[in-house]
Amino acid sequence: MGGVQKQLYKKLNSSMGAHAARALRIVAVDCDHGHLQAVEALGLPGIKTMFGRLPDEFPSKEAVGGSASAILISEVLHFLHGKEIESSIQSAYDLLVPGGRLVLSTVSFNFKPFGNEAARSKMRSTYQANLVKGLKWPGSDGFDLNALCKDEIERTTTPEIKEAIARFPQYIHIIGPRELRQACVDAGFEIEVACLGDHPGYPAGFTARQKGEFESTHVVAVKRGSTNN
Ligand SMILES: C[S@@+](CC[C@H](N)C(=O)[O-])C[C@H]1O[C@@H](n2cnc3c(N)ncnc32)[C@H](O)[C@@H]1O
């Protein structure tokens, strides 16, 4: 996780120029004190950490000290049910300045934890069946990764994966670009990107990373309107 935060920080700094970089303010939000401490331990300047659990504790304008120009919610929404995702996206819309962007990454229906094909097939077939039924959030039934990948979990010796497993929730919501895009449109966003992609932050061995079978869903959405509004 630390690596991703560092990469993001570098990217933002280099794309904004020296003057803007000095003014850059980033608020990192998580509902796990351990993860917030890991971010603080990186010692990156200009980063404020804040405890908050989505959807009900989405950071307010008062808490972050103003509106946001960009919001990244990376690999978090798949822990939430459909209505909670909708509410989080609406809160992001409200917090953004006009012209601001929301960047989302979640696990997709291609997610193959530990390369376990049986686990993926089970999640996918439920997703497909719910899609045929016309459900708005076809993966919202949820899956327990601990139960689906019991054997792999018992076998793993990689410290980084063991640490991640200790924090696994019992509910994973498989999310496709179609429904995530729609939720953003419903909240008032215009969509710039809605596709499958790869999340660079997971430890080697946790996802399958198969060519052409990206395991994450990515959406970039923009809040239209003039900054004078
Ligand atoms: C898979 S990690 C993703 C970490 C990092 N954002 C990344 O992209 O690599 C999921 C993170 O979501 C946090 N999380 C889970 N449920 C959450 C919720 N309801 N609200 C806020 N954070 C949550 C966990 O504590 C954990 O740090």
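A residue is counted as buried if 20 or more other C-beta atoms lie within 10 Å of its own. By this criterion, buried residues make up 29% of the 229 residues in the protein chain of this predicted model. The chain has 9 helices and 6 strands. Of the contacts in the chain with a separation of 6 or more, 71% are accounted for by residues 24 or more positions apart.

Four of the strands form an open sheet in the order β3-β4-β6-β5, with mixed pairing. Strands β3 and β5 (190–197) stand at the edges, and each has a single partner strand, so one side of each is left without a neighbour in the sheet. On average, neighbouring strands of this sheet are turned by 10° against each other, direction ignored. Strands β3 and β4 run parallel and are joined by 6 bridges. Alanine 68 stands opposite leucine 96 in β4.

Helix α4 comprises 14 residues (residues 82–95). At 1.5 Å a residue, α4 should span 20 Å, and its end C-alpha atoms are 20 Å apart, which agrees. The buried residues of α4 are Ile85, Ser88, Ile89, Ala92 and Leu95. Seen down the axis of α4, these buried residues fall within an arc of 120°, so they line one face of the helix. Their packing partners are α3 (61–64), β3 (68–74), β4 (96–107) and α9 (177–187).

Within the sheet, leucine 102 is located in strand β4. Leucine 102 has 24 other C-beta atoms within 10 Å; the cut-off for a buried residue is 20 or more, so leucine 102 is buried. Leaving aside residues up to four places away in sequence, leucine 102 touches Ile71, Ala92, Leu96, Cys184, Phe189 and Ala221. Leucine 102 and valine 220 are 118 residues apart in sequence, but their C-alpha atoms are 5.7 Å apart in space.

Terms used:
Residues numbered from 1 in each chain as written. Predicted model: local features only at pLDDT ≥ 70, side-chain atom pairs only at ≥ 80, totals over all residues. Helix = DSSP H or I, 4+ residues; strand = E, 2+ residues; numbered from the N terminus. Expected span 1.5 Å × (residues − 1). Buried ≥ 20, exposed ≤ 12 C-beta atoms within 10 Å, placed from the backbone. Arc of directions from axis to C-beta. Contact = placed C-beta atoms within 7 Å. Pairing = 2+ DSSP bridges. Axes fitted to C-alpha atoms, helices over the stretch in contact; angles between N-to-C directions.
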